[in-house]
Amino acid sequence: MHTAAALTREARCVVDGAIAGVLPERAVRACVRVVGKTLLVDGRRHDAGRFSRVLLVGGGKAALRMGAEIARVVEELGLPLAGAVNVYRQQAEQPFPAPGIELYAADHPMPNEEGVRGVKRMIRLLRDADEKTLVIATISGGGSALMGVPADDSISLADYCHTCALLLSVPAAIDEVNCVRKHIDLTKGGRFRKCAPNAGAFVTLAVSDVPVCSSGLSDDPSVIASGPTIGDNSTFADAKAVLTKFHIWDSCPASVRAYLERNQGVVGTTNETLRPDSCLLRSDISQYVMMSNNDQAMRCAADVARSLGYDAELVPQKIDGEVTQVAERLWKATSEWVQQHANSKAAPSIAWVCFSTDGVDGNSGCAGAVVTTHTVSDGAANELYLQDYVQRHDTGTFFEALGVGLQTGPTGTNVADVAVVLLASADGNEKKALVYGGEATVQLPGLHSRGRGGRNTHLAALGALKLATLNS
């Protein structure tokens, strides 16, 4: 009999495989290599003879591992390497293969003072870049927070963070959130690229955590880490419109509202984002390469599921929208499969596994969770009542107490979220895996009303409550 315990073990294998498949080292090696005295980046040649040094800058959940692999490649090229990178918290304490790279312990989901110092150090380095400098910027998921710095001295870091917290408390799409960030930040929306007008070449290597935007676009470079090195068409008016749409304009700090209104409609302001037709983005001096994304994680998850005997299906429509709607969508697919097997003598085994590829699901303390038809009853047997935790937005606490949370720790990458529904007939002869990718949003009743949880633990919890109904 294919038990819930067996499905749980298989679900954990799927998680491990999906994350391993999108680790930054693999992505860098796939698109960056040295041939003689030439650096090949996604097939494009950068002759080392044109440059006297390489400047490495950037930030994000994958920045440390991306930067370390790039440092190994540049060593083969024989050019001096210097720079600064904002990494996630304790990653700054890890060994780095190049002594000329300064690591700053930035934070997520809210920026910190150390991250601000790191960005300002990068700005100084970029401004000194000349025609003999090859700039390589590593941009990855989480970069919006890890590289967050207020646009000017009129906005305090506390006011900046409060505005970001407001945006994360409403079901705004990531491009809407980042539209506001771009207009209260010093480097987002291409303004980071503006800092190096004289660089001989500027190469951006990106890992995408933006599987879908409100526009329907996938992997939009202007949204990944709020697009610090790419052109952007959004405006200060657009930023205000987002805050108004979600009824949080009046709750924003006065300094933020004043800054947005002061710059709105001002022609030629240097505070506006970099327009896509800027000469700084000419193809002969700028290159942007998308190295890894959510689709790749989905494919890797499916490959592992197939190796375990599942008929794996990649669901083309990405997860987006409020998490309760996403749960209904996954439940519809689950229940349809169950109904098709209603004549079986024994009930099928079902598991949902929902996880963040960066290993950090909100403030849940885990990457996500694995749930089965027994999760709710297992909790009740330990006086843990899942519905209560859902109402308190404290699902991470529930899963940790029950021992079914996914404890990967920070993975060093970020390509958004993956959810997999594993379905197995009682005899295990028929096994189906539905692989979803994307990113849900969670509507919180207030900034201070949540416990320990994230969108993946919340989705898993809603799934567990649905699955429990199959036992009645």
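**Close-up views of a predicted model**

**View 1. The largest cavity has a volume of about 60 Å³.** This is a predicted model, where local features need pLDDT of at least 70, side-chain atom pairs count only at pLDDT 80 or more, and totals for chains, interfaces and linings use all residues. Residues are numbered from 1 along each chain as its sequence is written, and side-chain values use heavy atoms, with hydrogens and water left out. On a 1 Å grid over the protein atoms alone, a cavity is a set of points where a 1.4 Å probe fits but cannot get out, and lining residues have an atom within 4 Å of a point. Grid points are joined across faces, edges and corners, and a volume is the space filled by probe spheres set on the points. The lining here is made by I319, V323, D417, V418, A419, G438, E439, A440, R455, N456 and L459. By class, the lining has six nonpolar, two polar and three charged residues (Ala, Val, Leu, Ile, Met, Phe, Trp, Tyr, Cys and Pro count as nonpolar, Asp, Glu, Lys and Arg as charged, and the others, Gly among them, as polar).

**View 2. The second largest cavity has a volume of about 30 Å³.** Around this cavity sit V32, L39, V41, I70, I136, V203 and L205. The class count reads seven nonpolar, no polar and no charged.

**View 3. K61 sits in the loop between β4 (53-59) and α3 (63-77).** With a relative accessible area of 4%, K61 is buried (buried means under 20%, exposed over 50%, partly exposed in between, with a 1.4 Å probe and protein chains only). Residues up to four places away in sequence aside, K61 touches a set of residues including Y88, H108, D358 and N414; contact means heavy atoms within 4.5 Å. As for Y88, the charged end of K61 sits over its ring, 5.1 Å from the centre. That label requires NZ of Lys or CZ of Arg within 6 Å of the ring centre and within 35 degrees of the ring normal.

**View 4. F236 and Y259 form an edge-to-face aromatic pair, 5.9 Å centre to centre with 65° between the planes.** F236 lies in helix α9 (residues 236-245) and Y259 in helix α10 (residues 254-263), so the pair ties together parts that are 23 residues apart in sequence. Both count as buried: F236 has a relative accessible area of 1%, and Y259 has 0%. Rings of Phe, Tyr and Trp (its six-membered ring) pair if their centres lie within 6.5 Å; planes under 30 degrees apart count as stacked, over 60 as edge-to-face and the rest as tilted.

**View 5. Ring pairs link Y389, F398 and F399 into a cluster.** The ring of Y389 also has the charged end of R392 over it, 4.6 Å from its centre.

**View 6. R452 is found in the loop between β15 (431-438) and α16.** This arginine is partly exposed, at 29% relative accessible area. Beyond its neighbours within four places in sequence, R452 is in contact with residues including N363, H393, D394 and E400.

Conventions:
On a 1 Å grid over the protein atoms alone, a cavity is a set of points where a 1.4 Å probe fits but cannot get out, and a pocket is an open set with protein on both sides within 12 Å along at least five of seven lines; lining residues have an atom within 4 Å of a point. Helices (H or I, at least four residues) and strands (E, at least two) are DSSP runs, numbered from the N terminus.
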